[in-house]
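Look at the structure first, then read the points below.

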Amino acid sequence: MPQRFSVRVPATGANLGCAFDCAALALGLYLDIHATPRQDSEVTVRYSGVNPERIPTDESNLIARTMRATLADWNMTRGFDLEIENQIPVGAGLGSSAAAIVGSLAACHWLADATLMDEDLVSRATRLEGHPDNVAAAWHGGFTVSAQAEGRVLSYSCAVPETVRLVLVIPDYALSTEKAREVLPAQYSREDAVHNLQRAVVLAAQLFSGKTDLHRTFFDDRWHQPQRAPLMPGLREVLDYNHPDLSGVCLSGAGPSVLAFALANAEMIGEEIRQIFQGKGINSQAMVLPADNLGAKGWSLPA
Ligand code: HSE
C-alpha cells in the first residue's frame, strides 16, 4: 500500500535582538507537509493556510523545487503529490522559508530512503537558505545556537521552559530578508561588536543553564534592529515600549514581526504592541504562544 509521509516543522524567531545570524527560538506555530510518492515524475501542490496569495502552487513552489532538486541530487526523478498546511505567516520574519526547506529535506530523506544525519540536514538546509539560525532551530526545536564553518553548520539547542510566555505581533505586510539585509553595514566598530557579543553569549549561557530571567539589555542590539527600523513603521516605538511584566522585545528575524518575552499579562502586552503599530497606520495580529521544544517531526501512514 502506498505510504504518505508527513512532517511538521515549527516557525522560528531568529536573532533575539543581540544574537544576529547565530541564534533562534522555535515557536508553536507550524508548517505541515504531506508527501505521497507517484509512479510518474509529476509533482502536484495543494496549499491551505495563511497568505495563500504569497504561495505559488506550481513547480516554482519552494517546497516542490527544493524536493525536486534534492531528489535529483540523489539521482531520483520520482514525482510526488504535496499537500501543504501552513500556519506560519510568509515573509514576516518567522522562518517560513527555513521551515519549508527543512520540511522538504526531511520529506526527501524519507522518499529516497536516504540517511541524512542532523548535521547533514542542517548544513544542506543552510546552503539553500543562506543563514543557519532559522533552519537549525526549525530542525532541533527550542533555543538553538549555530555557527557556519567550512560549509558545515555546528548547532546546539536547549529546551525553553513552558513558563516563558512568548508574545508575537505580526504586521500585515511582507518584507523580504534580502531587502532587510541590504540596509546592514559591511563593517561594525569594535565597540558595537563587543556590545552584541557580550549580550549574545550571556543570553545563550542563561538559556542553556535553564534560567529564564531574561534581562532587557539582551535585546539592546546595535547590529541590525536600528538599521532596519526605517523599513518598518512603528518598530522603533515598539522596541522602546516598556511594561513592568515585559522582559524584552525584539525584531523576529529580519522582520517585520516582533517577539516579546512576558513574565505575566502576555495578552495585554500583545495588545499594547499591536496598538503601537496601529498608531503608525500598520494593522497587525498579536498572539501568545509557547516555544516549540520538539523541532521537526515526521511520520508515515498509508495514503
Ligand atoms: N538572521 C537573519 C537576518 C534572518 O536577520 O537577516 C534569518 O536567517
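The points below cover the ligand site, the pocket around it and the cavity.

This is a predicted model. The ligand sits in the largest pocket, which has a volume of about 770 Å³. The structure also holds one cavity of 30 Å³ or more.

**Ligand shell**

- The residues around the ligand are N15, F20, D21, H131, D133, N134, T177, R181, R228, G253 and A254.
- By class, this shell has two nonpolar, five polar and four charged residues.
- Two helices, α4 (132–140) and α5 (177–182), each give the shell at least two residues.

- D21 has a side-chain N or O atom 2.6 Å from a nitrogen atom of the ligand.
- D133 places a polar side-chain atom 2.6 Å from a ligand nitrogen atom.
- N134 has a polar side-chain atom 3.3 Å from an oxygen atom of the ligand.
- On its own, the ligand has 260 Å² of accessible area, and the protein covers 98% of that.

**Largest pocket**

- In total, 42 residues line the largest pocket.
- Nearest its centre lie L62, G95, S96, S97 and E129.
- The helices α1 (62–73), α2 (96–111) and α3 (118–129) each supply at least two lining residues.
- The strand β4 (80–86) also supplies at least two residues of the pocket lining, as do α4 and α5.
- By class, the pocket lining has 18 nonpolar, 16 polar and eight charged residues.
- α4 and α5 each supply at least two residues to the ligand shell, and each supplies at least two to the pocket lining.

**Largest cavity**

- Rolling a probe the size of a water molecule over the atoms shows where empty space is left.
- The largest cavity has a volume of about 60 Å³.
- Its lining consists of L16, L25, V160, V164, L203, L207, L214, F219 and F261.
- Which classes of residue line the largest cavity? The lining has nine nonpolar residues, with no polar and no charged ones.

**Linings by class**

- The lining of the largest pocket includes 16 polar and eight charged residues, whereas the lining of the largest cavity has none of either class.
- The ligand shell has four charged residues, and D21 and D133 in that shell each have a polar side-chain atom 2.6 Å from a nitrogen atom of the ligand.

Conventions. Residues numbered from 1 in each chain as written. Predicted model: local features only at pLDDT ≥ 70, side-chain atom pairs only at ≥ 80, totals over all residues. Heavy atoms only, no water. 1 Å grid on protein atoms, 1.4 Å probe; cavity = no way out; pocket = protein on both sides within 12 Å on 5 of 7 lines; lining within 4 Å. Points joined across faces, edges and corners; volume = space filled by probe spheres on them. Nonpolar A, V, L, I, M, F, W, Y, C, P; charged D, E, K, R; others polar. Near = heavy atom within 4 Å. Polar contact = N/O pair within 3.5 Å; in protein donor to acceptor, adjacent residues only side chain to side chain. Areas by Shrake-Rupley, 256 points an atom, 1.4 Å probe, with all protein chains shown as cover. Sits in = over half its atoms within 2 Å of the grid points. Helix = DSSP H or I, 4+ residues; strand = E, 2+ residues; numbered from the N terminus.
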